[in-house]
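Please view the sequence and the model together before reading on.

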Amino acid sequence: MNELLNEFLVESYENMDQYEGSLIELEKDPTSKKLVSAIFRTLHTVKGTCGFLGLSRLEAIAHAGENLLSLVRDGVVSFNQAIASALLATGDAVRAILAQLEKTETEGDLDYSELVALLVSLQKPAAEGAASVAESAHPTKAAPTEARAVPVEAEAVPVKAPVKAAPATKAPAADPKPESKAVKAPVEVPVEASAAKAQPTAKAPEGDSPSGSKASDSTVRVNVELLDRLMNLVGELVLTRNQIVQLTGSLESVPMQAACHRLNHITTELQDRMMKTRVQPIDALWSKLPRTVRDLAQLCGKQIRLETEGAETELDRTVIEAIKDPMTHLLRNSVDHGVESPEERRAAGKNPEGRILLRAFHAAGLVTIEIIDDGGGIKVERVKARALERNLITPEKAATMSQQEVVNLIFQAGFSTAEKVSNISGRGVGMDVVKTQIEKIGGMVDMSTEVGKSTTCRIKIPLTLAIIPVVIVGCRGDRFAIPQTNLLEVIRLDKNLMVETVHETPVVRLRGNLLPIVFLDSVLAIKTGEREETQHLVVLQAGDRHFGLVVDTIHEAEEIVVKPLGRALTAVSCFAGATILGDGHVALILDIFGLGSRAAMFQSTRAANAFEEEAKAQGVGTGALLNELLVFHVGGIRAAMPLDMVSRLEEFSREQIEEAAGRQVIQYGGSIMPLISLSRALGFDETKSSDGRVQTIVYARNGRAVGLVIDGVEEIVRGNIEVQPAGRRSGVLGSAVIGKQITELIDAQDLVRTHASDLFE
Amino acid sequence: MNKTRQLCTFVLEGQTFGIPVDCVLEVIRSLPLTHVPLAPEAVCGLINLRGQIVTAIDLRRRLELGPLKEGKTARMNIIIRTSEGPLCFPIDEVGDVVDVEERLFEPVPETMTGTARKLIDSVCKLPGTLLLVLKGDYAELAGI
């Protein structure tokens with residue numbers, strides 16, 4: 001894309017964020033001239049560049065908005081709800097065009113004449129004197145209400161053309177009153193953006209007005225890739241430094257030692273500073289939320305004020321990205337279910353305007369974010385009743401649960417208390433998804449409530465995802481990193497703690513409880529190297545599941561820099577990435593969730609294999625050898641597949657399906673996964689679900705995945721199943737009676753061989 | 001004057017291969033390789049290239065050349081650039097960079113089969129030897 005256009009897009013997106021934020025603020029404080037000027041300025045900047053790039057459509061919209069704003073600024077039209085909505089709509093229109101520009105490099109052909117007409121009609125003051133109407137005829141030139149400002153503008157106007165910062169700074173300096181800002185706006189804007197930004201720092205005497213200058217005043221835009229690359233190099237520098245320090249330790253040269261010492265210091269500081277380049281204040285995310293809250297509150301007929309505390313709290317940008325969705329969801333939830341309607345609030349003796357507070361702070365190496373609303377609180381009894389109704393808890397358990405425990409039931413899968421599904425938060429994405437998303441990045445979420453008064457949702461997340469604390473473990477000579485967020489304890493296996501088996505499944509007795517365990521070398525199929533004599537047990541937590549991992553040695557605890565694995569390895573779910581250890585060697589980071597599910601799969605396969613061998617030994621043919629099956633329906637029949645052939649079950653929306661090389665594909669986990677319609681493959685008519693969702697079984701072999709489209713999952717069954725070989729039919733192994741119903745057994749391998757042979761040679 | 005292409009050559013199991021010079025990031029001495037359990041079989045491990053983790057691909061396996069002889073290790077690594085990130089190949093020996101005239105290139109013989117066919121772009125008729133030119137395609141090279 002054209003460099004100039006690209007720069008314009010980046011800058012304009014940023015400007016529109018600012019524009020929107022200021023507008024929402026202005027709604028709260030409609031008399032603030034400073035805000036109006038700021039809004040005017042941002043829109044004007046966009047418009048100015050539009051003219052330069054020949055974007056007439058965008059320019060027309062921005063121009064109409066700007067006209068209206070100038071009247072507001074000059075006090076000709078007073079700011080109200082209708083104007084706010086129209087101006088926000090203007091912002092949306094500008095964004096839509098920007099998005100179009102980004103995609104096609106043209107402005108698109110959407111018609112915004114209605115919006116422009118609305119903006120023009122709003123320029124007529126509702127019931128103000130003829131005098132002000134007359135004034136509005138030349139809004140920009142019209143003398144601002146304060147006579148004192150006139151000479152200032154007169155002086156400033158000629159400055160417009162020559163792009164020089166100095167005279168412009170002089171103009172406001174002549175008039176230290178805050179109003180001068182309004183006058184300054186038209187002067188400053190035509191100046192090149194960077195120059196305009198640099199100004200506030202230059203004019204110290206005037207810049208003392210609070211919130212006058214922002215952090216962005218002295219910043220440079222840097223590509224994230226470049227930062228990552230620099231990060232790598234700094235990491236490498238640290239390793240080299242370590243080696244040098246080690247080598248020189250034995251030398252007796254004093255100057256050498258001194259130089260080394262300096263190198264040591266500088267490297268440490270460099271690393272420290274480098275880390276800081278990746279952080280952003282959480283405001284980067286929060287600044288977009290007032291709009292969401294405003295729109296939602298209007299939709300639900302509620303009055304809500306959003307307040308923030310600690311917006312400057314810094315977080316790694318990857319973390320900010322990762323909490324964006326859960327955070328928005330929780331906030332929507334607060335607006336929809338937390339805060340009551342104005343009538344209810346009045347009846348309860350509260351301020352009809354509800355309040356939601358977003359608070360962020362650093363504590364104990366984590367960032368805590370709280371979403372606090374002053375609504376009616378969560379009704380504990382209703383939550384309990386719902387949980388019982390959905391069989392999430394037993395009546396015995398319900399009786400003993402604390403209020404806190406009950407409230408947190410709302411994070412369980414299959415729980416949704418909304419009486420009717422609203423189009424706001426009851427979108428089928430439950431709170432359990434929020435919880436999973438937060439836990440995925442090593443965070444925690446919990447809810448507490450005070451009935452009638454408030455609800456607080458507390459999220460604790462790590463500062464960064466790029467650097468995580470881990471424990472390095474050894475297994476048959478290889479080293480692996482285990483994230484400490486997943487780690488509960490480390491125990492030495494000896495005669496006091498021995499591995500026992502429960503029906504082929506190894507377990508240990510840990511303080512009276514049975515803990516399932518997996519051997520790292522068997523899960524990862526490591527056959528090289530030797531097991532050590534003494535082994536250690538690492539107790540891990542993956543979501544709500546606990547399990548023990550047997551490894552050989554426990555090395556040290558370290559803070560490591562997470563590096564992504566190439567695409568060739570993304571299909572291996574056991575690893576979350578890789579890192580470089582102190583000695584320069586690469587170590588893989590274990591993904592405990594992936595490892596856990598692989599271990600579960602592994603055990604069932606092994607049990608199946610053992611069963612198969614047993615069956616063979618007894619001279620039983622292929623009659624019965626499957627012991628865990630996924631039952632589903634497809635094309636009107638009931639079908640089943642051995643569970644160990646199923647990598648995952650996924651649901652997609654029909655729109656996500658794309659067409660590539662004459663085949664339906666879907667973007668899945670960063671790569672392209674072909675889809676096979678199971679009903680068509682088996683010779684049935686294709687059925688389309690009415691809700692636009694597509695259920696698929698992900699079948700993966702040799703790092704390649706294929707999605708088998710089915711109609712819906714029924715159940716998982718265990719036990720010995722008698723298979724009746726059906727005549728040789730492609731893709732079908734035979735049929736069996738499962739749960740008193742005839743069920744076809746699908747031969748996934750055969751299917752994939754027939755329908756996607758090019759992928760699995 | 002005839003147009004030429006620059007190829008970086010290397011030797012694997014006695015066979016000479018070439019790869020366009022502009023694809024080659026660097027050639028380095030062998031680095032410690034970290035084995036990746038459960039990886040696709042073409043992946044022989046990961047290396048640390050000055051702080052960047054690069055996937056190493058076993059070209060012998062991809063090209064069906066048979067395993068490395070017992071007790072021998074690859075002495076050199078060639079690192080190439082692809083559209084999806086760098087890849088590293090352990091090789092036996094690195095050769096010269098050669099300028100090859102355009103007319104000496106020929107498409108792969110149609111009778112050639114196996115995975116090698118997908119990896120080899122063309123054949124180059126050098127005096128005394130045939131040079132196989134590799135494609136710099138991440139997915140094909142990594143066998144995914």
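Two residues are in contact if their C-beta atoms, placed from the backbone, lie within 7 Å.

## Basis of the report

The model is predicted: local features need pLDDT of at least 70 and side-chain atom pairs count only at pLDDT 80 or more, while totals for chains, interfaces and linings use all residues. Residues are numbered from 1 along each chain as its sequence is written, and chains are lettered from A and ligands numbered from 1 in the order in which they are written.

## Chain A as a whole

Among the contacts in chain A with a separation of 6 or more, 63% join residues 24 or more positions apart. Chain A has 24 helices and 30 strands; helices (H or I, at least four residues) and strands (E, at least two) are DSSP runs, numbered from the N terminus.

Of the 761 residues in chain A, 31% are buried. A residue is buried if 20 or more other C-beta atoms lie within 10 Å of its own, exposed if 12 or fewer, and partly exposed in between.

## Helix 4 of chain A

Helix 4 of chain A covers residues 81–104, and its 24 residues should span 34 Å at 1.5 Å a residue, which agrees with end C-alpha atoms 34 Å apart. The expected span is 1.5 Å times one less than the number of residues.

The buried residues in helix 4 of chain A are A:Ile83, A:Leu87, A:Thr90, A:Gly91, A:Ala93, A:Val94, A:Ile97, A:Leu98 and A:Leu101. They pack against helix 1, helix 2 (33–53), helix 3 (56–73) and helix 5 (113–121) of chain A. Just after helix 4 of chain A, A:Glu105 takes a positive phi of about 65°.

## Two helix pairs in chain A

Helix 1 (residues 3–28) and helix 14 (residues 289–300) of chain A pack at an angle of about 50°, with their axes 9 Å apart. Helix 1 of chain A is therefore oblique to helix 14 of chain A. Axes are lines fitted to C-alpha atoms, for helices over the stretch in contact, and angles run from 0 to 180 degrees between N-to-C directions. Angles under 35 degrees count as roughly parallel, over 145 as roughly antiparallel, 65 to 115 as roughly perpendicular and the rest as oblique. In this pair, A:Glu20, A:Gly21 and A:Ile24 of helix 1 of chain A meet A:Pro290, A:Arg291 and A:Arg294 of helix 14 of chain A.

Helix 2 and helix 3 of chain A pack at about 155°, with their axes 9 Å apart, and are therefore roughly antiparallel to each other. The residues of this contact divide into 10 nonpolar, six polar and five charged. Here Ala, Val, Leu, Ile, Met, Phe, Trp, Tyr, Cys and Pro count as nonpolar, Asp, Glu, Lys and Arg as charged, and the others, Gly among them, as polar.

## Where the chains meet

The contact between the chains takes 25 residues from chain A and 22 residues from chain B. Strand 4 (43–49), strand 5 (52–57) and helix 3 (138–142) of chain B each supply at least two residues of the side that touches chain A. Strand 4 of chain B gives the largest share, four residues. By class, this side of chain B has 13 nonpolar, seven polar and two charged residues.

## Positive phi in chain B

B:Leu38, although not a glycine, has a positive phi of about 65°. B:Leu38 lies in the loop between strand 3 (24–29) and strand 4 of chain B and counts as partly exposed, with 17 C-beta neighbours inside 10 Å.

B:Glu64 is not a glycine either, and has a positive phi of about 55°. B:Glu64 is exposed, with 10 other C-beta atoms within 10 Å.
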